[in-house]
Amino acid sequence: MRKRRLGSAALACLLTALPPTAAGAAGPPTPGHVPITVTVTEGTNLAVAVSPRDGSFVMDVQGKLFSVPRAGGAATPIGSDFLDPFWPSFSPDGSQLVVQSFADGFFHLRTVSPDGRTTRQLTRGESDDLYPAWSPDGTRIAFTSDRSGNQDIWTVDLRGGEPRRVTTAATAESQPTWAPDGASIAYVQGNTLESVDLATGTVRTLLPAAQGFVAAPSWSPDGRRLAFLRSGQGGRALQVLEAGSVRPVGTFTDVFPFPPRWLSPDQLTYGANGKIVVTDATHGTSRTVPFAATFTLDRDRYRPKERDFDTRAPQPVRGIVGPALSPDGRTVVFKALNDLWSLPIGGTPRRLTDDQFYEIDPAWSRDGTRIAYASDKAGTEDLYVREVATGAERRVTALPGAEFAPAWSPDGKTLAFQDTANQTSTVDISTGAVRLVLGETFSVPGKPSWSPDGKVLALTVTAAEHNRILLADLAAGTTRTVEPAPSGSVSTRGDDGPVWSPDGRLLAFSMNSTIWVLPVDPTGTPTGPARQVTREASDAPTWSGDSKTLLYLNNGRLKTTTVDGSVVREVPVGLTFTQDRPTTRTVVHAGRLWDGVHPEPRTDVDILVVGNRIQRVEPHRADRPRAGWRFVDASGLTVTPGLVDVHNHQEMRSKSYGDRQGRLLLSFGITATRSTGDPAYRALEGRESLSSGARVGPRFFMTGEMLEGTRVDWEFARPVRDEQQLGLELSRVRELDYDLVKTYERFRVDWQAQVADRAHRWGVPTTSHYLFPAIGHGVDMKEHIAAPSKWGFGFAREASPGGVYEDVIQLAARGGMPFSSTLFSASSLLADDSAIESDPRVRTLFTGVEQQILHAKVLCALGTGPCGFLDGTAEQARRDVSVIKRLIDAGGTVLTGTDAPLDTTAVAVHLNLRAMVKYGLTPFQALQSATLLPARQLGVADDLGSVEPGKLADLSFVEGDPSVDVAALAKVRMVMRNGTLHTVEDLLAPFKH
């Protein structure tokens, strides 16, 4: 047994990531906090405000405020790193600034003193208050808010009182600017500029819609000119409306998306092309104001958690998925270790299925005599019904796609279910007749639950950026949504409810990471407030038939509770697994070996694998003794380390892919994936199933749901409302043994720092979509070159239409924060390899829907079909890779990740690598970004990432020489994972019909 401890290569989460050319060059740093200072002279999407008092500037660079002297020079940081400001603006007398701040988890208006020492919150509540603008007399601030349910212009008086709504149209109005006389406010409405008279409410159009998009209007002090931004294919430029005519001002084509600020009736300042710019609006001349802003980063060096890849000791099963309590309250069915199990409470679990197919979502009939579930044993996920007494089964659905999440009608004649298109339907068990209840949606819904009278289905959907309860009246064909609590959200859209009590009086669900019950009438209409039942991290509630007991999951443990929460009991599962470790002895004769460490491959070598580890790598010997060894002839192939996809949502469509997914990944040489957000229990079940050998696929570094603010979108994000709930989520990280914690777009930045600190104590890395303040407070990694954010795609601070500037490059490189690549634009390279959609691996292991998506991407790349919103062009790919090259050249690290299945599973790894090489990286740099460097970031470089003695035998066998032609990596003929060899034909066999 070889227990992995901190070694010379385990640098991944130690935050001093090496560039690809420096692989293995340093020893382990000493745990502790390391301050790093980084000075930048450019800013990506920087915003500028100018003081009326002395003409000095305040700029927002990467979410940090700095003051800059009027003539430029050294910038002084002001305010807390956790202020999280946006859209800064000086008051007319220069005594204070106003920003929209996300410090408390919502965008609220705050005033800030010019030195940053004092702040005052002006707005509160669960609305987002945006784009503040001072009135000319300095007594009021106009802003955009959704507090009425629509984006409107509001004002707040600094002297007191509640905000007042100004615009009331059904359209969205935003980004206000006051006229100098204070009588009206101009704003953006759609693609036009409008103005509202504050006395009469009269609205007039200042600028009609035209080509391009308009934003960020700003009145000049004398009211003669209205400056604004117009964006289009050529970038984003500054324009001025004067006397009814529009003209461009200045020559910059990457003007950042904030209002230009007027220094005088003729001069204005703004951020553009990485600089502070001052432009004369009359003559069009411009100058830049130099600055040097210094960030202080607190980088945390810590020991990564220990992993024992070799132990055969039994380990307790925690990955329990979809547990369901029988109506008599005596038995639990659930999924674990890639099978369905039946557990008599107080007894021993027994398998209901015993195969390598993918079963999911067991559900009891109301009389307890049958269990419905989904399985891909016939090729795609279909619904089956199993008789409890006899074990006899029959297939209920045989539709072209995947069906799952069955729920029994009270009379036992019908199953509600869901499918790949996120539709909810019913099927008559006797006739097979299918009826559509809810049509296709982009967002994944939660499992359906029937009302006891069989008239209504309840399920969780996304509505107004919350997880709310949808009630579908089956007879009337109508739907409505209700809140689980005021401004509340069901924890996840999956197994977290709502689940109707058999007596019809309560809906049970997880909210704020605990179990709640909501009293309802027969139609599902709430009759009172929700009541909390549990106080610990709780998921997946189901009822006993008498409506007195709830079963739920608590950090991998099954528990029951009375409805009032007074009696809680653990249900011992008693299920363990052992890691799969072969006992074989294998000699691989490799014609060529790229070992992951050196740029040039070796030729004609033998790789000796004993069990799951590489024993030796040495020159080939034709006379090697064969007794007791298995010989693999790869003399015509190149052996490489297995590939790693560091940004993958493996459980996002696992119900649709079923057993295909792991086989598909292996068939393209991918032997490890890292989740960046998945349903926690399905992810943990996946890791345990893959580790035990119960499922075929790559080794899986899992995480649970992304930690998010109170507004959510993705089904695998958990809204976190307060620090008490955050503590419950951290208990889940610890007890389910996450490999990563990801915080998402609207998660508070001070909580993000807390999460990083706590996770690091357990050796667990963290990641997010943000560069700063994340990099300043312990977050290990940033996902995506240009990530979606709480500011929206257009306001992502890490990228702008004109590119990325030196602030991003220097902070990421010197601060040691790796980025994942996620090059959606790399789909443009399908034009070079359109035949990929005919590859047997694609034709056999892609679902029908995924084949259609890939075909559409091919047509887009060839220019013969429309492009989806995630598809990119060759020019975008070139720009994206140029950023990657700059990061690497500066000493930074970029790791191959795909965001699959949002991008094409497995294939996108190869497209990312091909794009990197085509547009500027060396093959060696690209190859290491998918092998050794991810292993370092995962903290497992002593075990993975290269072909060296002592490391795990995760190998890919390909035709050609990927050290010269990276496209050869996709020509996989065999793959070895943990010492077990698979041919591509073997991987395809179960689904090759």
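Helices, as named on this tour, are DSSP runs of H or I with at least four residues, numbered from the N terminus. The model on display is predicted.

**First stop: the end of helix α9.** Select G891, which follows α9 and has a positive phi, near 100°. Then move back to α9 itself, residues 874-889. This helix of 16 residues reaches 22 Å from its first C-alpha to its last, close to the 22 Å expected at 1.5 Å a residue.

Next, highlight A877, V881, V883, I884, L887 and I888, which are buried. An α-helix has 3.6 residues a turn, so residues three or four places apart point the same way. To see what covers the buried residues of α9, display among others α6 (806-815), β67 (894-895), α10 and α11 (923-929).

**Second stop: the nonpolar cores.** Select M59 and I276, the residues with the most contacts inside the largest nonpolar core, which has 105 residues. Helix α10 (residues 907-918) gives the most to this core, namely 6 residues. Around I276, contacts beyond its neighbours within four places in sequence include L46, F57, M59, Y270 and F291. Another core, of 55 residues, lies apart from the largest one; Y358, A402, L575 and V764 are among its members.

Four strands lie in the order β49-β50-β51-β52, with antiparallel pairing. From one strand to the next, the twist averages 25°. Finally, select β51 (residues 557-562), which pairs with β52 over 4 bridges; T561 has V568 in β52 as its bridge partner.

Key
Residues are numbered from 1 along each chain as its sequence is written. This is a predicted model: local features need pLDDT of at least 70, side-chain atom pairs count only at pLDDT 80 or more; totals for chains, interfaces and linings use all residues. Side-chain values use heavy atoms; hydrogens and water are left out. A nonpolar core is a set of buried Ala, Val, Leu, Ile, Met, Phe, Trp, Tyr and Cys residues joined through side-chain atoms within 4.5 Å. Buried means under 20% relative accessible area, exposed over 50%, partly exposed in between (1.4 Å probe, protein chains only). Helices (H or I, at least four residues) and strands (E, at least two) are DSSP runs, numbered from the N terminus. Contact means heavy atoms within 4.5 Å. The expected span of a helix is 1.5 Å times one less than its number of residues. Two strands pair if DSSP finds at least two bridges between them. Axes are lines fitted to C-alpha atoms, for helices over the stretch in contact, and angles run from 0 to 180 degrees between N-to-C directions.
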